[in-house]
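Hi there,

Here is the structure I promised to send over. Have a look first, and my notes follow below.

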Amino acid sequence: MLLTGATGFIGSSLLTALVAKHYKLIAPSRTPLDELPENVTMPLLHDISALPDNSDWFVGCDVVIHIAAKAHVYGVSLAEFTRVNTEGTLRLAQLAKDAGVKRFIFLSSIGVNGIFNTTPFNVSDTPAPVEAYAASKFAAEQGLKQIAAGSDMELVIIRPPLVYGAGAPGNVSKLVTLVQKNLPLPLGAIHNKRSLVALDNLIDLIITCIDHPKAANQTFLVSDDQDVSTTELLQMMTRAAGKKPRLLPVPVSWLKLAGKLTGKQAVVDRLCGNLQVDISHTKETLAWKPPVTVEEGVARCFTPARPPSLPKRRE
């Protein structure tokens with residue numbers, strides 16, 4: 001099995017889980033780990049878009065799980081997102097197909113569907129990416145379907161919403177820092193609904209898709225199947241941090257006005273808007289349900305993040 005992104009937030013946890021299940025792994029990385037178990041090889045790879053013609057990586061490889069991507073960065077052009085997230089993905093997939101890989105699992109983004117909704121996103125909805133990152137992921141999805149079409153390589157696409165857990169980057173990291181300061185916040189009257197996915201739930205779904213026969217050539221939306229408001233999420237996070245919530249019930253209309261006046265409208269829109277995901281297709285197709293509740297997942301955000309807990313290679 002080949003795993004990209006194995007030292008990142010999601011990939012490192014997936015690597016640990018796969019090692020525990022005794023999978024033989026090739027995990028190319030820009031920052032290889034010093035100590036690896038016998039069943040893991042981690043060759044140096046600086047840029048997924050410059051993947052070499054190295055068929056040795058795919059010898060005996062039945063499954064590729066592609067997580068590596070350019071994300072959580074600002075000021076990046078669509079061209080740069082495309083170079084890494086689209087062109088790099090398609091090169092990897094073409095090499096995998098040529099080498100006879102049986103299944104290619106691609107971690108995409110719910111941003112392919114959009115950034116806000118009034119009814120939950122469904123797997124059958126017409127994609128409507130808004131941001132450059134999501135556009136690059138959608139372009140990769142389209143290219144992957146063309147590569148896999150008419151071949152023996154099965155394609156599995158997974159679109160997660162915001163992924164949270166210990167050591168999560170981006171907006172989750174900002175929220176964790178915010179609640180730990182426990183300052184009074186004017187966010188106590190937001191009644192929106194947002195779908196999130198705990199890291200452990202996403203890992204469980206990815207592992208399910210490795211060999212589930214009904215996962216072949218499917219696109220799956222994923223979430224905790226338990227939507228929460230921004231106010232509810234902050235309350236849970238604050239309590240998980242061992243503090244008492246200090247949220248002031250400021251009307252959403254006031255927040256939106258403040259956002260316009262301060263140039264922070266996009267931030268307010270994200271805090272107050274809806275983004276719900278319908279995962280009924282995922283649950284029914286795979287007979288799967290998220291093993292971790294939102295409350296459990298939030299509590300794990302405040303567990304110190306650790307590097308992959310891998311057994312040492314025996315000399």
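How many helices and strands are there in the protein? There are 10 helices and nine strands, taken as DSSP runs (helices are H or I, at least four residues; strands are E, at least two) and numbered from the N terminus. The radius of gyration is 20 Å, close to the 20 Å from the globule rule for 315 residues, so the protein is as compact as a globular protein of that length. That radius is taken over C-alpha atoms, and the rule is 2.2 Å times the number of residues to the power 0.38.

Before you read on, please note that this is a predicted model, where local features need pLDDT of at least 70, side-chain atom pairs count only at pLDDT 80 or more, and totals for chains, interfaces and linings use all residues. Residues are numbered from 1 along each chain as its sequence is written, and side-chain values use heavy atoms, with hydrogens and water left out.

Of the 315 residues, 48% count as buried (under 20% relative accessible area, 1.4 Å probe, protein chains only).

Leaving out residues up to four places away in sequence, serine 223 touches residues including Pro161, Ser195, Trp288 and Pro290, where contact means heavy atoms within 4.5 Å.

Best wishes

Notes: Buried means under 20% relative accessible area, exposed over 50%, partly exposed in between (1.4 Å probe, protein chains only).
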